[in-house]
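Have a look at the structure, then read on.

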Amino acid sequence: MKLYKKTLKIDTQADKTTYVDITTQVQTVIQESEIQEGMVTVITPHTTCSVFFEEYSHDIDEKGDEFLQADLNEVLAKLIPAHDSTETYHYPGEAHYQAVESWPDADKYLPNGDRKALWNGDAHLKATLIGSSQSFDVSNNRLGVGTTGYIYFADFDTTRERTRQCKIIVIGE
């Protein structure tokens with residue numbers, strides 16, 4: 001049994017959910033692995049990000065999102081309202097604010113001490129609902145999905161731009 005790992009770096013945007021089609025990168029990692037038969041798992045270690053499998057929808061809205069992503073945004077907004085005040089969610093509570101303020105790199109999470117930067121409870125809930133990983137078949141050193149299925153990385157935290165990670169693990173023979 002062979003194991004091959006690679007980490008992708010993904011730049012995300014502020015003020016909107018970022019969706020990135022990573023299908024080609026996953027296929028490239030499978031080919032680099034030289035694993036012929038097995039499985040690939042795609043994981044995000046971030047608690048406000050998700051990995052999901054969906055059809056590529058071809059149509060793009062004015063924000064640059066595919067129509068299925070725009071639909072997902074609308075459905076999730078109905079279920080999980082935007083975190084726009086301290087009254088929206090219990091999270092973050094005073095203990096969490098204080099913990100983050102004590103971190104050596106607190107300014108990274110609280111620019112200029114602005115506690116609003118932690119108003120991302122909606123992003124955490126959306127990521128929980130969608131999930132942080134997906135696993136797929138590897139057959140003949142190729143991603144074993146149909147021609148319309150694509151793998152997407154999503155960052156639901158709209159509070160600031162970031163560079164995120166997505167780990168790809170291929171296991172098999």
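A salt bridge here is a side-chain nitrogen of Lys or Arg within 4 Å of a carboxyl oxygen of Asp or Glu. By this rule there are seven salt bridges. The model is predicted, so local features need pLDDT of at least 70, side-chain atom pairs count only at pLDDT 80 or more, and totals for chains, interfaces and linings use all residues. Residues are numbered from 1 along each chain as its sequence is written, and side-chain values use heavy atoms, with hydrogens and water left out.

**Arg115 and its partners**
- Arg115 pairs with Glu94 in a salt bridge, with the closest N and O atoms 3.0 Å apart.
- Helices (H or I, at least four residues) and strands (E, at least two) are DSSP runs, numbered from the N terminus.
- A network of salt bridges links Glu94, Glu101 and Arg115.
- Arg115 is partly exposed at 28% relative accessibility, and Glu94 is partly exposed at 42%. Buried means under 20% relative accessible area, exposed over 50%, and partly exposed in between (1.4 Å probe, protein chains only).

- Lys16 and Asp65 form a salt bridge, their closest N and O atoms being 2.9 Å apart.
- This pair links distant parts of the chain, 49 residues apart: Lys16 is in the loop between β1 (2–12) and β2 (18–21), and Asp65 in the loop between β4 (49–55) and α2 (67–79).
- Lys16 is buried, at 18% relative accessible area, and Asp65 is buried, at 3%.
- Arg164 and Asp155 meet through their side chains in a salt bridge (3.0 Å, N to O), and both residues are buried.
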